[in-house]
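Thanks for making time this morning; I would like to walk you through one model, going from a pair of strands out to the chain as a whole. Please have the sequence and the structure open while I talk.

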Amino acid sequence: MQFPQQIHTDIISTVEFNCSGELLATGDKGGRVVIFQREQESKNRLLSRGEYNVYSTFQSHEPEFDYLKSLEIEEKINKIRWLPQQNAAHFLLSANDKTIKLWKISERDKRAEGYNLKDEDGRLRDQFRITTLRVPVLMPMDLMVEASPRRIFANAHTYHINSISVNSDYETYLSADDLRINLWHLEITDRSFNIVDIKPANMEELTEVITAAECHPHQCNAFVYSSSKGTIRLCDMRAAALCDRHSKFFEEPEDPSSRSFFSEIISSISDVKFSHSGRYMMTRDYLSVKVWDLNMENRPVETYQVHEYLRSKLCSLYENDCIFDKFECCWNGSDSAIMTGSYNNFFRMFDRNTRRDITLEASRENSKPRAMLKPRKVCTGGKRKKDEISVDSLDFNKKILHTAWHPKENVIAVAATNNLYIFQDKIN
Amino acid sequence: MFSKGTKRKFSDGDEEISDESLVGARVASSYNLQRQSLLDMSLIKLQLCHMLVEPNLCRSVLIANTVRQIQEEMTHDGSWHMVTEAFCGPGQSPSERLVATEVLCRSREQDAEPKLFSVISYEGCREEEVVADETLCSVSVSDTVSNVCLAGRVGQCWEKSELSGVERDEEALEDSRLGSGEDEEIDTEDGASTESPKTTGQVFGTFEIKNGSPGPDSALEELFSDVDTSYYDLDTMLTGMQSAPKMGPYDLLDSLAPSHGSPSIVSTPTCRSDLNELDHIMEIIVGS
C-alpha cells in the first residue's frame with residue numbers, strides 16, 4: 001500500500017485511471033483536478049515499485065452564479081473521463097453540474113533560446129543592437145507539466161450532470177443529467193444533440209430520473225442509462241435520433257417479501273459500468289452490486305451483497321440522508337473481479353469466479369505502507385468476535401463512494417473523504 | 001383484564017374483543033404511528049429541500065415517491081377494518097417489518113423519550129382521546145403516568161408537524177365523538193391523498209421557474225403563514241414553500257426573530273405551541 005496521498009483539501013469527488021493506467025486523475029469538491037503519474041519501475045530502485053506521484057494540479061472549474069435562477073453552480077467535479085491517448089499529450093474531460101471541459105495536459109521539457117527580437121528574460125532587444133539573424137535553438141529545461149482548457153462545453157444542461165462517457169469512436173461523447181442525455185462532438189462546443197429526454201410535459205408527473213449513463217465500450221451506437229427506479233435501458237442510436245424508446249429494458253422483478261417503504265429508494269441505481277468485454281454491465285444500488293448479461297433483460301446474472309446488515313437500519317439511514325449516498329463500482333482489467341465502497345472507510349471486492357469476497361479498510365491507523373491489508377468483518381448481531389466491528393459502531397460519515405481499478409494491473413485507487421489511497425494487490 | 005364496557009378507539013366497538021385482536025390492533029396502531037412518523041420525516045425533508053440553494057432532484061423525487069406511497073397506503077388502509085388488517089397473512093404483514101425497525105425510526109428529538117411503542121397499553125390507546133383534549137388547551141404534556149408515553153408522542157406530533165395538527169385532529173375527534181364511526185385515521189388520510197398530485201407539482205414546479213423574491217419579511221411570513229392550517233393540506237404548505245425565495249440557512253436564522261408576528265390563524269392558547277414549533281424547526285434546520 002502506498003502512503004495515503006493527502007493532496008486534496010476538499011472532499012474527493014471522482015477518481016479515474018487513464019487508458020494505460022500510467023496516470024490517475026482525481027477531482028474534488030473545490031473544482032481542482034490532481035493527476036498522479038506512476039513512476040517507472042526501475043530494477044535499481046526496488047523501493048519505488050511503481051508509486052504514484054503528483055504530476056499536475058490545476059483548477060478545472062470555478063463556482064459560478066446563475067443569475068437567471070439566482071442559484072449558485074457548484075464547482076465540484078462530478079466526473080472525469082480520459083480520452084484515449086493519440087499523441088504525446090493527454091486529454092481528459094472534467095464535468096461539474098453544468099459545464100464540461102476538455103483539458104490538454106502536456107509536458108514541456110525544452111525551451112527555445114536565441115530569439116532575435118527579445119532577450120532570454122523576455123525583454124525586447126534594442127533594435128539597433130540587432131545586427132545578425134539567428135535561428136533559435138531548443139535547449140533542455142526542467143520538466144514542466146501544463147494543463148490548458150481546449151474546449152468548454154457549456155449551456156446544454158438544465159439539470160445536474162451526473163455522467164460523462166467517451167464513445168468508442170473517439171469523436172463523440174455523451175453527458176447525462178437528471179432528465180436528459182446529450183451527445184457531443186469533441187470538436188464542436190456550440191451545440192450538442194439531445195438523445196434522451198425523460199422530462200414529462202407536466203413536472204408534477206415526474207417520478208423517475210436518470211442516475212447514470214455510459215457508452216458501450218465497443219459499439220459506438222449503443223449506450224445505457226440507469227434510473228432512480230432501478231431500471232436500465234440500452235439504447236441504439238441508429239434506431240432514431242431521439243432514443244426515448246429503448247432497445248432493451250433491464251429490470252429485476254421485486255421480491256414481494258422484502259417490500260418496504262424504502263424499497264424504491266434502495267433500488268435506485270447509483271452507478272452503471274460496462275465490463276471491458278462489453279458483454280456484461282454492472283449496476284450499484286444501495287445495498288448490492290448486480291452483474292447483468294446484456295442478452296438477458298429480466299434479471300441479473302450475479303448479485304453481490306455489499307452491506308446487507310444495513311437493511312434493518314434503513315429508517316435511520318433515511319433520516320440522516322445516508323440512504324441517498326451514491327456509491328460507484330468498478331471492474332478489474334480482466335472483468336474477473338469487481339469493487340465498490342461502503343461506510344466506515346470500508347470497501348469490498350468480489351471475485352466473480354471463486355465467489356470470494358473481502359472487506360478492506362482504507363485508513364491510516366490500520367495500515368502501514370507496504371503492509372498487507374487486513375480483511376475486516378462486520379458483526380451483525382450476537383457475540384462480537386475480536387477484530388470484528390459491530391454495525392452500530394460504523395462511522396457513516398466515512399464513506400467510500402469513489403474507487404478505480406487500474407485497467408491492466410492489480411492496482412486500485414480508493415478515495416476516502418479527502419484522502420486518496422492507492423493499493424497494489426498481490427493476490428491473483 | 002380489560003373491562004367489558006371499554007370501547008377501543010381503533011377497532012369496531014361492537015364486537016367482543018379478544019386479547020389476540022388487541023395485540024394485533026396494537027401492532028397495527030404502532031405501525032400506523034410509525035408510518036405517520038415516516039410521512040412527517042419525508043415532508044420535512046421535502047420542505048427543507050426548498051430551503052436549500054440547489055436541491056438534488058433525484059433525492060427529491062425519491063422522497064416524493066415515498067410520500068405518495070405512504071399516502072396511497074393510508075388511503076387504502078383507512079377503509080379497511082383495523083383488526084382485519086392486523087390479521088393479514090403471515091407473509092404480508094407490513095406492520096411486522098416496520099415494527100422491526102421501530103427502534104431506529106425514532107427521530108433525534110425523540111431519543112430522550114422512553115420507548116413508546118412497546119409501552120403502549122390498552123389504556124394508552126384509550127387515553128389518547130383524553131390527552132388530545134388536553135393538548136387542545138395547552139401544549140404542556142399531561143402529567144398522568146399512564147399518559148406520559150403516548151402523550152409525549154402525541155405532543156411530539158404537534159410540534160413536529162410545525163402546523164397545527166390541533167385543528168385537524170380536533171375535527172377528527174369531534175367526528176368520532178359524534179359517533180360518525182369513522183376511524184380517526186380516515187380523515188387525515190383522505191385529506192392527505194387528495195393533495196398528493198399537487199404536492200409533487202409544487203415540489204418539481206420550482207425546478208422550472210423561479211418566482212421573484214418578494215423580500216425576506218414577507219417571505220418568512222409566507223413560510224409560516226400556513227404553519228397551522230391543516231398539516232395535511234400539502235398544497236397550501238408547499239405553495240408557501242414555493243414562493244419563498246431561495247434563502248440560505250443563515251438568512252433564515254437571521255430573519256427568525258421571536259418578535260415576528262405569529263400567523264393570524266393561530267389562536268392565543270396555541271401561541272406558545274407556535275414558538276415551540278419554531279424552535280423545533282430551527283433545530284432541524286441548524287441540525288441538518
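**A strand pair, a sheet and a core**

Let me begin with A:K79, whose bridge partner in β8(A) is A:A95. What we are looking at is a predicted model, in which local features need pLDDT of at least 70 and side-chain atom pairs count only at pLDDT 80 or more, whereas totals for chains, interfaces and linings use all residues. Residues are numbered from 1 along each chain as its sequence is written, chains are lettered from A and ligands numbered from 1 in the order in which they are written, and side-chain values use heavy atoms, with hydrogens and water left out.

Coming back to that pair, β7(A) and β8(A), the latter covering residues 90-95, run antiparallel and are joined by 4 bridges, where strands count as paired if DSSP finds at least two bridges between them. Strands here are DSSP runs of E with at least two residues, and helices are runs of H or I with at least four, numbered from the N terminus. In a regular strand the side chains alternate between the two faces of the sheet. In β7(A), residues 79-82, A:K79 and A:R81 point one way while A:I80 and A:W82 point the other way, and all are buried, meaning under 20% relative accessible area with a 1.4 Å probe and protein chains only.

Moving along chain A, there is an open antiparallel sheet of 4 strands in the order β11-β12-β13-β14. Its edge strands, each pairing on one side only, are β11 (163-166) and β14 (188-197). Strand β13(A), residues 180-185, pairs with β14(A) in the antiparallel sense over 5 bridges, and within β14(A) it is A:N194 that stands opposite A:N182.

Which residues have the most contacts inside the largest nonpolar core? They are A:Y286, A:L310, A:L317, A:Y318, A:I323 and A:L394, in a core of 44 residues, a core being a set of buried Ala, Val, Leu, Ile, Met, Phe, Trp, Tyr and Cys residues joined through side-chain atoms within 4.5 Å. The elements giving two or more residues to this core are α1 (263-267) and α2 (314-319) of chain A, together with α1 (19-51) and α2 (57-78) of chain B, and α2(B) gives the most, with 9 residues. Leaving aside residues up to four places away in sequence, A:Y318 touches residues of both chains, including A:F262, A:I323, B:L38 and B:I63, a contact meaning heavy atoms within 4.5 Å.

Finally, for chain A as a whole, the secondary structure comes to 2 helices and 31 strands, and buried residues make up 53% of its 428 residues.

Note on methods:
Buried < 20%, exposed > 50% of the residue type's maximum accessible area, 1.4 Å probe, protein only.
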